[in-house]
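Please read it alongside the sequence and the coordinates.

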Amino acid sequence: MQEKKLKEDILDLIECSRRQETISVKEIILSLSGKGRALILVFLSLPFCQPLQIPGLSTPFGLLIALFGIRIAFGKHIWLPKIVLSKKLPSAEVEKIADKCLKLLVGIEHLIHPRFERLFVYKFMRTWNGLLIFFLGIFLAMPFPIPFTNLSAGWSIFLISIGLSENDGVFLIAGYAAALIAITFFVLSAVTIKFIF
């Protein structure tokens with residue numbers, strides 16, 4: 001991965017966060033646009049990749065992920081409605097996420113490199129990846145009372161986004177496996193809750 005550029009993008013976001021009490025979604029997108037949609041998706045999914053999560057982020061971040069996913073599926077550039085771009089988030093929380101994102105990505109950098117690149121050649125794969133990210137984002141956005149649903153969906157999006165950013169088929173396949181686990185876990189949990197009540 002491009003460590004220098006990666007650090008610059010994340011550090012720009014951290015610096016932007018420190019100058020104000022709240023930060024808009026538009027400012028976050030602009031700060032992370034150097035690596036394109038993949039880095040933005042990595043950033044948005046990271047809060048859900050840990051057991052202790054920041055309350056109140058699943059709906060706005062999940063909707064953003066879903067919007068990015070549908071744009072990827074149809075080969076469109078980044079676009080978000082003004083109401084989403086103007087949404088304000090606490091700068092302190094954004095700075096925490098950015099710091100963790102930087103440490104994690106730089107820590108796993110040596111594991112990431114182009115592999116199984118045929119997975120990224122075909123148009124239907126782009127559509128499939130985008131739609132999968134879309135549905136996982138919807139999972140995050142909906143307030144399901146099911147433990148670990150966000151955790152499994154978050155890791156799926158994180159791994160797929162890493163794979164897309166560097167044409168790394170191993171991370172992409174790992175993301176598919178995590179998505180299968182997330183969907184299976186959700187279905188089983190939903191059936192169990194329905195059976196109980």
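## Crossing of α4 and α7

The crossing of α4 and α7 is left-handed, a term used when the near helix is turned anticlockwise from the far one by less than a right angle. The model is a predicted one, in which local features need pLDDT of at least 70 and side-chain atom pairs count only at pLDDT 80 or more, while totals for chains, interfaces and linings use all residues. Residues are numbered from 1 along each chain as its sequence is written, and side-chain values use heavy atoms, with hydrogens and water left out.

The axes of α4 and α7, taken as lines fitted to C-alpha atoms over the stretch in contact, with angles from 0 to 180 degrees between N-to-C directions, come within 7 Å and cross at roughly 165 degrees. The two helices are therefore roughly antiparallel to each other, the class for angles over 145 degrees. Contact here means heavy atoms within 4.5 Å; residues making it include S58, G62, I65, A66 and G69 of α4, and R126, G130, I133, F134 and G137 of α7.

Helix α4, a DSSP run of H or I with at least four residues, covers residues 58-73 and has 16 residues. From its first C-alpha to its last it reaches 22 Å, close to the 22 Å expected at 1.5 Å a residue, where the expectation is 1.5 Å times one less than the number of residues. Just after α4, G75 takes a positive phi of about 65 degrees.

L80 lies in the loop between α4 and α5 (82-85), and it counts as buried because its relative accessibility is 6%. Not counting residues up to four places away in sequence, L80 touches V25, I29, L64, L67, F68 and L85; the C-alpha atoms of L80 and L67 are separated by 7.4 Å.

## The largest nonpolar core

A nonpolar core is a set of buried Ala, Val, Leu, Ile, Met, Phe, Trp, Tyr and Cys residues joined through side-chain atoms within 4.5 Å. The largest one has 50 residues, of which F43 and F158 touch the most other members. Helices that each supply at least two residues of this core include α1 (3-18), α4, α7 (123-141) and α9 (169-196).

Leaving aside neighbours within four places in sequence, F43 is in contact with residues including L13, F61, V94 and C101. V94, found in helix α6, counts as buried because its relative accessibility is 2%.

Notes
Buried means under 20% relative accessible area, exposed over 50%, partly exposed in between (1.4 Å probe, protein chains only). Angles under 35 degrees count as roughly parallel, over 145 as roughly antiparallel, 65 to 115 as roughly perpendicular and the rest as oblique.
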